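Here is a friendly briefing to read alongside the model. Have the viewer open and follow the topics in turn.

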Amino acid sequence: MGSGAPAIVTGGAGFIGSTLADALVADGREVHVIDDLSTGHLRNVPSEAFLHEVDIRDGAAMADIAERAGAPVIFHLAAQADVRKAIADPAFDADVNIAGTLAILEASRVNNARVVFAATGGGSYGEYPGLAIPTPENAEPRPMSHYGQSKLAGEGYCGLYGRLYGIATTRLRLGNVYGPRQDPHGEAGVVAIFSGRIIDGEPVTVFGDGLQTRDYVYVDDVVDAFLRAESGPDDLTANIGTGREVSVLDLARILGAPDPTFAPARTGELQRSCLDASRAAEVLGWTAAVAVDDGLPRTLEAIREARSA
Ligand SMILES: NC(=O)c1ccc[n+]([C@@H]2O[C@H](COP(=O)([O-])OP(=O)(O)OC[C@H]3O[C@@H](n4cnc5c(N)ncnc54)[C@H](O)[C@@H]3O)[C@@H](O)[C@H]2O)c1
């Protein structure tokens, strides 16, 4: 599928971005990672990639890297991706996720590069009476967090750059992404938290009744979606999820956690979130290949190995 051309990956030291950078490098591509290492790690960046350690909000630096890299595609994954941090500091969240995305879109104009944007499904749709579950892309987004709103604004600017300048953009609305390298702060952080507790021989704590559901999608499947988006239509919003609701109690069971302890529900948490990814199947030929029954044990083992290394 690779075009052989250079590629820019913002957030390429993070969980999903570094897994994508690995896949691009394995495909023989020249990869430019842009990451300020605020939550990402140097150890995640493939040694073959060029690392530009800079903040995406630095517009001049973004344009300069775009010019030097000459890449026809920018995979834009750098973000303030922590829902709790967004609530604590909404202005910072908006600055990184909106002003940062604007700087990337401006930089895309240097080479008329395609931008593939990591948007959020659950974060942006929110939860309200009448919302279809699994949720299709034409559902009205009503975010329940600053993070969901700032990511949605980023999507809006992607559309604008298409209309105004003809920039091709794909907005991939991701489910709750899990897999090796994930940390406890992302949208599927519970997988890393539970894994850590299990490895330490400690009981896991479930907030609320544990029946709240999410659409857990394995990171390799998400990377596959990004790669397909590169040769997909020029203007696309697509959900990337499994269409399967998995509860917190299911998660604990599949990971093999002993009986959980329960704590009061956390305010503002969605009860149900699940994505209808039929558009991605039709338009990108994408479906999730890894079921949670496989992906969760794989993730637990990877976290165990990383901790003993
Ligand atoms: N993990 C999920 O479940 C999930 C779900 C939906 C959407 N997303 C989106 O996918 C993307 C990647 O998420 P992730 O889970 O890999 O998060 P992550 O925190 O592991 O990766 C984000 C990366 O961006 C970098 N970064 C942050 N601010 C930056 C800035 N101002 N300048 C340069 N680099 C900066 C960080 O250092 C980090 O390496 C994000 O855009 C996130 O919103 C993630």
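## Briefing: strands and ligand site

Strand 1 and strand 2 (residues 31-34) pair in the parallel sense over four bridges; strands, like helices, are DSSP runs numbered from the N terminus (H or I and at least four residues for helices, E and at least two for strands), and two strands pair if DSSP finds at least two bridges between them. This is a predicted model, in which local features need pLDDT of at least 70 and side-chain atom pairs count only at pLDDT 80 or more, while totals for chains, interfaces and linings use all residues. Residues are numbered from 1 along each chain as its sequence is written, and side-chain values use heavy atoms, with hydrogens and water left out.

**Strand 1**

- I8 of strand 1 (residues 7-10) stands opposite H32 in strand 2.
- Both faces of strand 1 are covered, with A7 and V9 buried on one side and I8 and T10 buried on the other. Buried means under 20% relative accessible area, exposed over 50%, and partly exposed in between (1.4 Å probe, protein chains only).

- Strand 4 (residues 73-76) runs parallel to strand 5 and is joined to it by four bridges; here I74 stands opposite V115.
- Strand 6 also runs parallel to strand 5, with six bridges between them, and V116 has T170 as its bridge partner in strand 6.

**T169 in strand 6**

- T169 lies in strand 6, which spans residues 169-174.
- Why does T169 count as buried? Its relative accessibility is 1%.
- The side chains of T169 and R171 are joined by a polar contact of 2.7 Å. A polar contact is a pair of N or O atoms within 3.5 Å; within protein, one must be able to donate a hydrogen and the other to accept it, and residues adjacent in sequence count only if both atoms are side-chain atoms.
- Leaving aside neighbours within four places in sequence, T169 is in contact (heavy atoms within 4.5 Å) with L105, V115, C158, G159, D234, D235 and L236.

**V217 in strand 10**

- V217 is found in strand 10 (residues 216-218), and V217 is buried because its relative accessible area is 0%.
- Not counting residues up to four places away in sequence, V217 touches G175, N176, V177, Y178, V222, I240, G241, T242 and W286.
- V217 and G256 are 39 residues apart in sequence and 19 Å apart in space, C-alpha to C-alpha.

**The ligand site**

- The ligand is surrounded by 30 residues, each with a heavy atom within 4 Å of it; the closest are I16, D35, Y147, K151 and V177.
- This shell divides into 17 nonpolar, eight polar and five charged residues. Ala, Val, Leu, Ile, Met, Phe, Trp, Tyr, Cys and Pro count as nonpolar, Asp, Glu, Lys and Arg as charged, and the others, Gly among them, as polar.
- A polar side-chain atom of D35 lies 2.5 Å from an oxygen atom of the ligand.
- Helix 1 (15-26), strand 5 (114-120), helix 6 (146-165) and strand 7 (176-178) are the elements that give two or more residues to the shell. Strand 5 gives the most, with three residues.
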